[in-house]
Amino acid sequence: MRIYCGTAHPAALQHGPRPLPLFLDMLRSETAASPERASAALAGLRRYQEAPRGKPRARAPARFRKRRARLRDYGGAGRPVVFVPSLINPPFVLDLTPETSLLRWIAGAGFHAWLVDWGVTDPQDRALDVAGHVSQVLEPLLAKLPEPPLLVGYCLGGTMAMAAASRMRVAGLATIAAPWRFAGYGAAADDIAALWRIAEPACRTLGLVPVEVLQSGFWRLDPARTIRKFEAFATMAEERAAMFVALEDWANAGEPLTYAAGAELFEAMVMEDQPGAGRWRVGGEIVGPGKLDCPAIEFVSLSDRIVPAATAAGLAARRDIGAGHVGMIVGSGARRQLWEPLRDWLRDPRGR
């Protein structure tokens, strides 16, 4: 299997966990009692850094633009389905390799598939928060389509799609691993808040929240797993190794957030749980499940460490999935567990 990168972003070219010094500190801590484990993890790290990469895949054409964002056209004939990815990682996990492209599969299943590409972050947009990305970027892009679309939001993109669906006419909403009740992070929220208090002054000066800050927050949710996966990669079979490299390149190639988006994510969402408490406003309006006027479903992973099941919105229609945050999108069981049930719901969201 040839390795593909979903994006040509220069950050992917460094081929290492970001931030690398923190990763190495975690490695020392997690393997302090086992030199053998440390050696295996370092061997996995070197193998990842030296792995051959194929040419970056061509992006689908951008048909509509708003500020720095693009609405990319993945083709297909039928009702428009717009995939809304997170602001935090590149959108192309939904089109990672030819074999694991949810977007292209949906386009071949009787729909016209579209992808929101949030684009390159501009420090001049430092005041554009998550709510502003919804009202000033996402909603204007959706309004350019010839008919109300079905929305499919992944991770924080699902949170944002929920907000958009609360405020405008859409044909239906499906969220995948989307946090809404941020109180569901429990004690982990305290660790993330502590990280933000340290990083916030520098981020405010930059007008940006670098991906290294966000990665550090993710790693704090399960540092042991972060190290174990590099241990396993040292001896992983070539076919599986290619997917590992593609996923790690994707995870380490994210754009920074605008300062306001980072502040809203850490403070209003993680620390205050404004969405779960029914206090999150977009464009001056309270948004959330109670404001929806369309059929909606949530796909919830029961083994997700990035977005725990306890953070789900609590929609009446829910499907539980036994795969992790990324595995539910690109894993070996993704088609059976997520792709096909999602396709079936999109065909008849009102259950007629």
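**Entry 1: the largest cavity**

I began with the lining of the largest cavity, where the largest share, five residues, comes from helix 7. Helices (H or I, at least four residues) and strands (E, at least two) are DSSP runs, numbered from the N terminus. I note that this is a predicted model, in which local features need pLDDT of at least 70 and side-chain atom pairs count only at pLDDT 80 or more, while totals for chains, interfaces and linings use all residues. Residues are numbered from 1 along each chain as its sequence is written, and side-chain values use heavy atoms, with hydrogens and water left out.

The largest cavity has a volume of about 240 Å³, and 17 residues line it, with Ile 88, Tyr 185, Phe 218, Leu 265 and Val 270 the closest to its centre. On a 1 Å grid over the protein atoms alone, a cavity is a set of points where a 1.4 Å probe fits but cannot get out, a pocket is an open set with protein on both sides within 12 Å along at least five of seven lines, and lining residues have an atom within 4 Å of a point. Grid points are joined across faces, edges and corners, and a volume is the space filled by probe spheres set on the points. I found that helix 7 (211–221) and helix 10 (259–271) are the elements that give two or more residues to this lining. By class, the lining holds 16 nonpolar residues, one polar and no charged (Ala, Val, Leu, Ile, Met, Phe, Trp, Tyr, Cys and Pro count as nonpolar, Asp, Glu, Lys and Arg as charged, and the others, Gly among them, as polar).

**Entry 2: the second largest cavity**

I then turned to the second largest cavity, which holds about 70 Å³ of space. Its lining has 14 residues, and Ala 177, Ala 178, Phe 299, Val 300 and Ala 312 lie nearest its centre. Strand 6 (172–176) and strand 11 (296–301) are the elements that give two or more residues to this lining, with the largest share, four residues, coming from strand 11.

I looked next at the largest pocket, which has about 1,200 Å³ of space and is lined by 43 residues, with Arg 225, Lys 229, Leu 247, Glu 248 and Val 326 the closest to its centre. Helix 9 gives the most to this lining, with eight residues, and by class the lining has 22 nonpolar, twelve polar and nine charged residues.

The second largest pocket holds about 280 Å³, and nearest its centre, out of 24 lining residues, lie Pro 91, Asp 117, Gly 119, Val 120 and Glu 255.

I traced an open sheet of eight strands in the order 1-2-4-3-5-6-11-12, with mixed pairing; two strands pair if DSSP finds at least two bridges between them. Strand 1 (62–66) and strand 12 (318–321) stand at the edges with a single partner strand each, so one side of each is left without a neighbour in the sheet. Strand 1 and strand 2 (residues 69–73) pair in the antiparallel sense over four bridges, and Lys 66 stands opposite Ala 69 in strand 2.

**Entry 3: confidence**

I checked the pLDDT, the predictor's confidence in each residue, from 0 to 100, and found that the protein averages 90, with 96% of the residues scoring at least 70. Over residues 1–13 the pLDDT stays under 50. Where pLDDT is low, the predicted coordinates should not be read in detail.

Terms used: Contact = heavy atoms within 4.5 Å.
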